[in-house]
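Student: I am new to this structure and would like to learn how to read its features one at a time. Could we go through them together?

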Amino acid sequence: MKAALDRALGVLRDDVRAMQAYAVHPSAGLIKLDAMENPFRLPGELQQALGERLGAVAINRYPGERTQHLARALAAHAGLSEGKALMLGNGSDELISLLAMAVSKPGERVVVLAPLPGFVMYGLSSAYQHLDFVGVPLTADFELDEAAMLAAIAEHRPAIVYLAYPNNPTANLWDDAVIERIAHAAPGLVVMDEAYQPFAARDAMALMARHPQVLIMRTMSKFGLAGVRIGYLMGHAELIHHIDKLRPPYNVSVLNAEAGLFALEHAEVYALQAAALRDGRAALQAALARLPGVRAYPSEANMILVRVPDADRLHADMKSRGVLVKNVSGMHPLLAGCLRLTVGTADENAAMLAALEASLAALV
Ligand code: PMP
């Protein structure tokens, strides 16, 4: 038994065996403000109607037409123009993996480049495909370091540049003129990751229209369907045509597709939820500005990055008071002492502020 298991383990990649798995932290019983989920459910009658729609889906069949229908509905929702196409992922996480697969060339050094601190999956997916990930530090106030980005692009000739717009976890949008120059300089794909687009003042659709190498990736997760897992990648039809070949044919389930279509039919409900979260964000910013010792950074997303006196202790103390936020302090030197707060319902935000205030008081 043991020898057979050892032989089986032996065929796995050494680097995979040495990896740490992506940790999803338990949150049962806590106010969950750690993962930028939309805190609102659908109103009761819509929830009921969704249940009926899902109940009528033929789950004995592989996904087909309804998935294509969802892709068309998302393209219309985004206002995708002529000559561009859209492909679906099982969340944008899957699209990041497919992009890595699409550029990986055995025997060649292939580079993926992104500013840091940024979304962890760019680096992880690169490692899974033996790509070299190059992270370029942001400035101290979380702006793109244009000179460093352009120098790194010239040196490493990256196959993919990721720009999360707004960025996670810093929550800001970057200067469009700088992004334009980066897009110009990039020798490969430039992926604008717009996971937080429902909460942002601007998007990159015009940039994509000007540059065939610019792709836009979005997700229904922050819209309100994090549990459903639907991401989408938009760009020049010829690029999408090839990348789409790597997609497992049935990656979006019939239940996901139906739920996604239902959500788009009720897009106005989700737009109201996003507006409520933007209002909640403004109220939270105002309240955080009054807390001594806390520095809250500007946000264009449904999260706020704050710098606090002792992130580790505050995080643990807030959790003991029933509120789970994300401690990003150890992620990158620029984030030392930082927590990332997801914007929740008004009640959740109030509870989070109370827990933060009490935890700050307990520090002294
Ligand atoms: N991009 C960014 C910038 C994110 O923050 C996230 C999720 N936190 C994702 C992509 C992945 O989203 P999903 O897989 O849920 O579509």
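**Reading the sheet and the lysine**

Tutor: Four bridges link strand E6 (residues 189-193) with strand E7 (residues 214-219), and the two run parallel. Strands here are DSSP runs of E with at least two residues, helices are runs of H or I with at least four, and both are numbered from the N terminus. This is a predicted model, in which local features need pLDDT of at least 70 and side-chain atom pairs count only at pLDDT 80 or more, while totals for chains, interfaces and linings use all residues. Residues are numbered from 1 along each chain as its sequence is written.

Student: In what order do the seven strands form the open sheet?

Tutor: Strands of a sheet pair through backbone hydrogen bonds, either parallel or antiparallel. Two strands count as paired if DSSP finds at least two bridges between them. Here the order is E2-E8-E7-E6-E5-E3-E4, with mixed pairing. Strand E2 (84-89) and strand E4 (132-137) are at the edges with a single partner strand each, so one side of each has no neighbour in the sheet.

Student: Is Lys222 buried or exposed?

Tutor: A residue is buried if 20 or more other C-beta atoms, placed from the backbone, lie within 10 Å of its own, exposed if 12 or fewer, and partly exposed in between. Lys222 has 25 such neighbours inside 10 Å and therefore counts as buried. Lys222 belongs to helix H10 (residues 221-225).

Student: What feature does UniProt place at Lys222?

Tutor: The unreviewed UniProt entry gives "modified residue: N6-(pyridoxal phosphate)lysine" at Lys222, although such annotations may be inferred rather than shown by experiment.
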